[in-house]
Amino acid sequence: MAKVELIMPKMGESIIEATILKWLKKEGDAVEMDETILEIATDKVDSEIPSPSKGVISKLLFKENDVVAIGKVIAYIETDVNAENLSSPTTQPEIAKNESKTELKAAIEKQTSSTTGVEKSTSNRFFSPLVRNIAKQENIAVSQLESIPGSGLDGRLTKRDLIGYLSNATPQKATNAENVKPFQESSAIQAAPAVSISGNVEIIEMDRMRKLISDHMVMSKHTAPHVTSFVEVDVTPIVQWRDRIKDSFLKKYNQKITFTPVFIEAIARAIKEFPMINVSVQGTQIIRKLDINIGMAAALPSGNLIVPVIKNADRLNLVGLTYQVNDLAARARANKLKPEDIQEGTFTLTNVGTFGNVMGTPIINQPQVAIMATGAIRKKPAVIETPSGDTIGIRHMMFLSMSYDHRVVDGALGGTFLKRVGDYLEQFDINQTI
């Protein structure tokens with residue numbers, strides 16, 4: 001019998017650990033090749049881990065809710081192959097097998113040493129970027145962090161440990177920074193807990209994803225000064241074109257065509273014309289992205305949102321964009337997205353019109369610098385310019401709104417880019433065939 005190692009896989013460039021949500025197999029269970037063994041979660045996405053080979057689960061090394069470093073062996077599978085200590089071929093991480101724990105910790109420390117505005121600990125204890133960011137927001141001193149017991153791997157302090165500490169700490173414990181340099185120099189105003197006079201309330205704990213979304217949205221508002229611009233667009237040609245071709249399109253490609261691919265095509269064209277909207281900010285540096293990867297916010301059955309990304313959207317025609325949009329939306333609803341599906345976005349589109357809203361002021365999806373919202377398409381009376389004069393007619397009108405980071409996107413760039421997207425939509429070729 002050979003022993004195969006099941007290793008916690010690498011889930012993305014910035015991911016250094018993952019949480020085991022649920023073991024779908026127990027010790028002694030038989031598994032087939034590629035059969036799902038467990039579900040894990042990172043701060044970006046949930047994922048299922050398949051079996052690298054056929055065999056029997058001989059040992060589970062971690063429990064549910066344990067936080068495990070990338071590259072750690074999490075289980076052993078006994079197989080009939082005549083070999084010894086085979087490592088998982090489908091989940092082999094980028095960390096060398098003979099790399100020691102000290103070297104691994106040093107590599108992780110080096111990865112996070114560039115975090116700005118954070119005092120480096122004088123001890124050898126490692127704190128993840130998420131823990132350090134929470135400490136900054138809560139004005140927690142280094143010495144306090146080092147005194148909090150951790151439940152993670154090798155006693156590592158997890159987000160759950162820190163939140164538990166904050167919920168049980170007195171105001172003096174949580175904010176005392178006397179004689180100690182805090183993680184955050186300026187003190188933040190702490191919101192008082194909500195109090196109900198009548199007591200007629202229901203307290204609902206946020207789920208894991210809602211907590212992550214909450215942290216991400218607050219971080220974005222703290223990071224970027226938001227400005228939102230609006231334009232109203234006549235999309236009558238697009239509505240008429242789609243009504244005419246949607247049945248033949250479904251028959252030809254077995255795909256339903258929505259307005260989203262048309263919006264993404266217009267955005268990609270405008271980005272090629274205004275490349276400084278396709279950037280991110282790193283300190284005082286502007287990082288211009290050469291790829292045009294457009295994220296589309298998708299609602300999950302739980303009510304939470306996730307943003308799968310269409311890579312190189314400018315290289316796809318409407319048929320290719322339709323396949324991508326439908327595939328990502330379907331897998332988002334089924335919770336089947338892979339980590340790479342939500343990474344490397346450079347611009348985001350969100351459709352507030354799905355909920356009947358005519359416009360919105362979306363929050364930027366960091367580290368991007370702009371996000372566009374499409375409102376509901378409504379029939380409205382509008383002025384129509386003709387060679388023989390102006391007239392009033394019923395048109396399909398829609399608001400576009402775009403929030404942008406005013407540190408690097410001025411009103412001229414943001415407003416002109418948004419208007420250009422609207423121009424492309426209004427100039428849509430109604431006679432094109434697919």
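The model is predicted, so local features need pLDDT of at least 70, side-chain atom pairs count only at pLDDT 80 or more, and totals for chains, interfaces and linings use all residues. Residues are numbered from 1 along each chain as its sequence is written, and side-chain values use heavy atoms, without hydrogens and water.

**Overall**
- The protein has 10 helices and 20 strands (DSSP runs numbered from the N terminus: H or I of at least four residues, E of at least two).
- Of the 434 residues, 43% are buried (under 20% relative accessible area, 1.4 Å probe, protein chains only).
- Among contacts (heavy atoms within 4.5 Å) with a separation of 6 or more, 64% are between residues 24 or more positions apart.

**Sheet**
- Four strands form an open sheet in the order β5-β4-β2-β7, with antiparallel pairing (at least two DSSP bridges between two strands).
- Because β5 (46-50) and β7 (67-69) are edge strands with a single partner each, one side of each has no neighbour in the sheet.
- Strand β4 (residues 36-41) is joined to β5 by 5 bridges and runs antiparallel to β5.
- I40 has S47 in β5 as its bridge partner.

**Helix pair**
- Helix α7 (residues 236-253) and helix α9 (residues 318-333) have axes that come within 13 Å and cross at roughly 75° (lines fitted to C-alpha atoms over the stretch in contact; angles run from 0 to 180 degrees between N-to-C directions).
- The two helices, α7 and α9, are therefore roughly perpendicular (65 to 115 degrees).
- W241, F249 and Y253 of α7 meet L318, V319, T322 and Y323 of α9 in this contact.

Notes. Buried means under 20% relative accessible area, exposed over 50%, partly exposed in between (1.4 Å probe, protein chains only). Angles under 35 degrees count as roughly parallel, over 145 as roughly antiparallel, 65 to 115 as roughly perpendicular and the rest as oblique.
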